[in-house]
Amino acid sequence: MSYVDGFVLAVPKAKLDDYKKLANLTGPIWMEHGALAYVECIGDDVPYGELTSFPRAVQAKDDEIVVFAWVVYESRQSRDAVMPKVMADPRLTPDWGPMPFDMKRMIFGGFQPFMEL
């Protein structure tokens, strides 16, 4: 069964184009190193909940949009092999300047699917 890394982050609306450029650079790198799928989604129907919600999870501000992304791998072992290759890829180390989002508010984790249809 596959393995999934999931990410939720807040991107300032003014920097959304910069974020998209970054995603279009990094996604193919993940795929080249063995990911099966790479998906980036911009929040469209993401209400601010009273107790919990995607915006609350990443402390999204009024001028920010929530991004939900995931990477699919063949297995946890595959992910553990792919990740160091991606992190060492020299295309990910150019001087981009500041990231187009606050990395401290990004949440992420690895997930083992229990059902796939």
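Predicted model: local features only at pLDDT ≥ 70, side-chain atom pairs only at ≥ 80, totals over all residues.
**Exercise 1.** Which side chain does Glu 32 meet in a salt bridge, and where do the two residues lie?

*Solution.* Start with the partner: the side chain of Arg 91, at 2.8 Å from N to O. Glu 32 sits in helix α1 (residues 16-32), and Arg 91 in the loop between α3 (76-88) and β4 (107-111). They are 59 residues apart, so the bridge links distant parts of the chain. Finally, check Arg 91: at 35% relative accessibility, Arg 91 counts as partly exposed.

**Exercise 2.** Trace the salt bridges of Asp 80 with Arg 76 and Arg 79.

*Solution.* First, Arg 76: its closest N and O atoms with Asp 80 are 3.2 Å apart. Both residues lie in helix α3, four residues apart, about one turn of the helix. Second, Arg 79: its side chain meets that of Asp 80 at 2.8 Å, N to O. Shared partners join Asp 5, Arg 76, Arg 79 and Asp 80 into one network. Asp 80 is partly exposed at 37%, and Arg 76 is partly exposed at 39%. Arg 79, at 15%, counts as buried.

**Exercise 3.** Is Ser 2 buried or exposed, and which side chain joins Ser 2 in a polar contact?

*Solution.* Ser 2 has 10% relative accessibility. Buried means under 20%, so Ser 2 counts as buried. The polar contact, 2.8 Å, is with the side chain of Glu 116.

Technical notes. Residues numbered from 1 in each chain as written. Heavy atoms only, no water. Buried < 20%, exposed > 50% of the residue type's maximum accessible area, 1.4 Å probe, protein only. Polar contact = N/O pair within 3.5 Å; in protein donor to acceptor, adjacent residues only side chain to side chain. Salt bridge = Lys/Arg side-chain N within 4 Å of Asp/Glu carboxyl O.
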